[in-house]
Amino acid sequence: MDVREDQCLVSVQHTREALSRRQLEGYQPRAALKANVAYALLRLAHLDAPPNTLLDPFCGSGTILLEAADRWADTQCYGSDWNEEAVSGARTNVDLAGLSDRIAIRKGDVWHLDETFADVTADLIVTNPPFGVRMASSMDFYPFYRRVLGQMGAVLRPGGLVVMLVLRQGPFNTVLDESDRFASRHVRAIEIGGLYPYVFVLERL
């Protein structure tokens, strides 16, 4: 049950297993994004029509890509990760789902996204950058977000959208204020395993 101001929303589970556990076959790293959170990120784009091309540059086990392919039958999905194990595991998951014709996984560093996807122009980027507790304690998020947004802007068409989980809102807002490529369209906080990241929906200018 969720109560917000004068609204009360009551949810009833209709499945034996929680919907967050619907992608449990194949490669599943401990920090994999839950399927229901991936689905929520896709919904938050509020698209009038399915995107032609979707990209996840931090694809991990491929959860977002699998949810996108299930939601939009005609969307071509691309994912990348710098970690060889994640790339191999995501490809295994895509094959198990029978979606290898609609989801392509490439090995590449997000620092060079424009090179990894030189032949791709995305309509929508939906992604979950790594933000584990250990990483967050020692990481300087400002240059990280600045570089990531710069590379996303290089592969996203004007008018395209980014839906992105952000752990540190302060440095991310600073990067947004300095950027002439993106405008914020929606922000909300969610809870994931005791962390409270923000979901940002950005439009490419």
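This is a predicted model: local features need pLDDT of at least 70, side-chain atom pairs count only at pLDDT 80 or more; totals for chains, interfaces and linings use all residues.
**Entry 1: salt bridges**

I looked up the salt bridges and found three in the structure. Side chains of opposite charge can pair when their charged atoms come close.

I began with Arg 106 and Asp 119, whose side chains form a salt bridge with an N to O distance of 2.9 Å. Arg 106 belongs to strand 5 (residues 103–107) and Asp 119 to the loop between helix 4 (113–116) and strand 6 (122–127), so this pair ties together parts 13 residues apart in sequence. I then checked how open each partner is. Asp 119 is exposed, at a relative accessible area of 58%, while Arg 106 is partly exposed, at 22%.

Next I took Asp 123 and Arg 157, which form a salt bridge with their closest N and O atoms 2.7 Å apart. This pair links distant parts of the chain, with Arg 157 in strand 7 (residues 156–166) and Asp 123 in strand 6, 34 residues apart. Is Asp 123 buried or exposed? Asp 123 counts as buried because its relative accessibility is 15%, which is under the 20% cut-off.

I ended with Arg 185 and Glu 203, whose side chains meet in a salt bridge at 2.7 Å, N to O. Arg 185 sits in strand 8 (residues 182–189) and Glu 203 in strand 9 (residues 198–204), so parts 18 residues apart in sequence are tied together here. Both ends are partly exposed: Arg 185 has 48% relative accessibility, and Glu 203 has a relative accessible area of 24%.

**Entry 2: surface residues**

I went to Asp 48, which lies in the loop between helix 1 (35–43) and strand 3 (53–56). Asp 48 is exposed, with a relative accessible area of 86%. I also looked up its separation from Leu 195, which is 147 residues away along the chain; their C-alpha atoms are separated by 31 Å.

Which residues form a nonpolar patch on the surface? I found Met 1, Val 3, Val 10 and Val 12, with about 470 Å² of accessible area together. Of these I followed up Val 10, which is in the loop between strand 2 (7–9) and helix 1. Val 10 is exposed, at 57% relative accessible area.

**Entry 3: helix 6**

I noted that helix 6 (residues 141–155) has 15 residues. From first C-alpha to last, helix 6 reaches 21 Å, close to the 21 Å expected at 1.5 Å a residue.

I listed its buried residues, which include Phe 141, Phe 144, Tyr 145, Val 148, Leu 149, Met 152 and Val 155. Gln 151 and Gly 153 are also among them. An α-helix has 3.6 residues a turn, so residues three or four places apart point the same way.

At the start of helix 6, I found a side-chain oxygen of Asp 140 within 3.4 Å of the backbone nitrogen of Tyr 142.

I checked both faces of strand 3, and both are covered. Thr 53 and Leu 55 are buried on one side, and Leu 54 and Asp 56 are buried on the other.

How many bridges join strand 3 to strand 4 (residues 76–81)? I found four, and the two strands run parallel. I looked up Leu 54 in particular: its bridge partner in strand 4 is Cys 77.

Methods. Residues are numbered from 1 along each chain as its sequence is written. Side-chain values use heavy atoms; hydrogens and water are left out. A salt bridge is a side-chain nitrogen of Lys or Arg within 4 Å of a carboxyl oxygen of Asp or Glu. Buried means under 20% relative accessible area, exposed over 50%, partly exposed in between (1.4 Å probe, protein chains only). Patches are made of residues with over 30% relative accessible area and no salt bridge: like charges are joined within 9 Å, nonpolar side chains (Val, Leu, Ile, Met, Phe, Trp, Tyr) within 5 Å. Accessible areas come from the Shrake-Rupley method with a 1.4 Å probe; for residues, only the protein chains shown count as cover. The expected span of a helix is 1.5 Å times one less than its number of residues. A polar contact is a pair of N or O atoms within 3.5 Å; within protein, one must be able to donate a hydrogen and the other to accept it, and residues adjacent in sequence count only if both atoms are side-chain atoms. Two strands pair if DSSP finds at least two bridges between them.
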